[in-house]
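The following exercises concern a two-chain structure and are to be worked with the coordinates at hand. Each task is followed by a solution in steps.

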Amino acid sequence: MPVIDERSRPVLARGTRLAMDKATGQPVLLFPEGVVHLSPTAHAILSRCDAESSVQAIVAALSQEYEASETELKADVLQCLEELCARKLLILV
Amino acid sequence: MNYRPYLLLAELTHRCPLHCPYCSNPASYPAGGELTTADWRRVIGEAAEMGVLHVGFSGGEPLQRVDLAELVAAARTAGLYTNLITSAIGLSPGRAEELRNAGLDSVQISFQSDQAELGDAIAGTRAHARKLEAARLVCGLGFPLTINVVLHRWNIGRLEEIIRFAEELGAERLELANTQYYGWAFRNRGSLLPSRNQIAGAERIASKAKVQWAGKMEILFVTPDYYSKRPKPCMNGWGRRFLTVNPTGDVLPCPTAGEIKGLRFDNVRSHSLSWIWTESDAFNRFRGTQWMPDPCRSCEFREADFGGCRCQAALITGDPGATDPACALSPYREKLLSFVDSCQDSVTSGGAAAGAFQTLAFRENPPA
């Protein structure tokens, strides 16, 4: 499995997309035969995975938007991306 | 406890160009004409409002419906994830592009074998070459491709070749789906069930392949419940996550629930989907755990496997409320085991010999 670092540029895998769960009002990630219920943080991270932005850029944007420290955010972001990469729902370009 | 549905299986038609003898469609078709485009659009909209996230367009062969792309577009507009579950017969370049433009998210194509000769013999028609063409087309258009191969005694010996075949075709997912014995498959089970040795061999090959292809192609293989000690958690529980609308508009808690005699299904022509989900007798009959007899009622696994499959209980014991005989604790276990034992000697290891299929009843189409 590829290693994710600050320079990785993540993007959702083919056939995977974000959607809203009308039953709960919460964001979800949909893919063939499956669903992942997302936390608001995970949704904020994934909606920035556009194959252009690096992990560093995503952390910086989130840090500004949520007024949180980059160091704390970076750990969360990496953990979230690693989990989804392991499930092949996210790829790195 | 309130349950909400996640997946709608939209069985658009029972018509199909293939005649596979393991088809899970009912061996006697329900009366009534197919739903109209307007009916389906309403059903899809209602499903989305209820919280459904995925819609699987299935059948029969869903490509037999000329309004398929229109229904896919309606589902996408309603926010649903759309999957086409197809034999791929009828998936021309024009049709595939139309579906892509409608927003179709993913495609699952069935293959009967990795070889044309065996594949066509099982499908009861010359289908294999056309499927190959369609699978390449699907990958070329950028759809994620799942290949589904239903396994039985005539093709399970080719598991290694089948896995290589799926990988070469560019599948992202391979479902090695052991036949489930309902509908036509139940009728043919004495000629389809693999032997114990075949299953053991297939399990070894599948677990090795899962590791070998990890990260490249996801491989799903579940030991058939006839050979397992625990029942499958059928539908993740009756009326908990899943609903099927059949071609005539009946709403079923599982695609094969029509096997249960005496269970009456409400129809989307006379009720809303949401009423049927929450209020109808069919959905409430086996929901939760209150209906369970012992040994299920007091079993520590009752929320893990939900007593297994109601259709299987009905088919094998005559009582849809009984513990699934696939469970080692079922009082009817012996009925299943004696059937399994009776199959061991009739399975030859040499694959499909000429004339081997003579005992199979091939699926017929519903009357026009």
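**Exercise 1. The nonpolar core**

The largest nonpolar core has 124 residues, and those with the most contacts inside it are Val55(B), Phe57(B), Ile109(B) and Ile147(B). A nonpolar core is a set of buried Ala, Val, Leu, Ile, Met, Phe, Trp, Tyr and Cys residues joined through C-beta atoms within 7 Å. The model is predicted: local features need pLDDT of at least 70 and side-chain atom pairs count only at pLDDT 80 or more, whereas totals for chains, interfaces and linings use all residues. Residues are numbered from 1 along each chain as its sequence is written, and chains are lettered from A and ligands numbered from 1 in the order in which they are written.

Task: state which helix gives the largest share of this core, and list the contacts of Val55(B) beyond its sequence neighbours.

Solution.
- Step 1. Helix α3 (residues 70-86) of chain A gives the largest share, six residues. Helices (H or I, at least four residues) and strands (E, at least two) are DSSP runs, numbered from the N terminus.
- Step 2. Two residues are in contact if their C-beta atoms, placed from the backbone, lie within 7 Å. With neighbours within four places in sequence set aside, Val55(B) is in contact with Leu8(B), Ala10(B), Ile44(B), Ala47(B), Ala75(B), Leu80(B) and Thr82(B).

**Exercise 2. The sheet of chain B**

Task: give the strand order of the open sheet in chain B, and explain why one side of β7 and of β9 is left without a neighbour.

Solution.
- Step 1. The nine strands of the open sheet follow the order β7-β6-β5-β4-β3-β2-β1-β8-β9, with mixed pairing; two strands pair if DSSP finds at least two bridges between them.
- Step 2. β7 (218-221) and β9 (251-252) of chain B are at the edges with a single partner strand each, so one side of each has no neighbour in the sheet.
- Step 3. Five bridges join β1 (residues 7-11) and β2 (residues 54-58) of chain B in the parallel sense. Leu7(B) stands opposite His54(B) in β2(B).
- Step 4. Helix α2 (residues 68-77) of chain B packs on the sheet, where it touches β2 and β3 (81-86) of chain B, and its direction makes about 175° with that of β2(B). Axes are lines fitted to C-alpha atoms, for helices over the stretch in contact, and angles run from 0 to 180 degrees between N-to-C directions.

**Exercise 3. A loop histidine**

Task: decide whether His14(B) is buried or exposed, and name its contacts.

Solution.
- Step 1. His14(B) lies in the loop between β1 and α1 (37-49) of chain B.
- Step 2. A residue is buried if 20 or more other C-beta atoms, placed from the backbone, lie within 10 Å of its own, exposed if 12 or fewer, and partly exposed in between. His14(B) has 21 C-beta neighbours inside 10 Å and therefore counts as buried.
- Step 3. Leaving aside neighbours within four places in sequence, the contacts of His14(B) are Asn25(B), Tyr29(B), Gly59(B), Gly60(B), Pro247(B) and Pro366(B).

**Exercise 4. The contact between the chains**

Task: state how many residues each chain brings to the contact, and which strand of chain A gives the most.

Solution.
- Step 1. Chain A brings 13 residues and chain B brings 18 residues.
- Step 2. On the side of chain A that touches chain B, β2 (17-21) and β3 (26-31) of chain A each supply at least two residues. β2(A) gives the most, with three residues.
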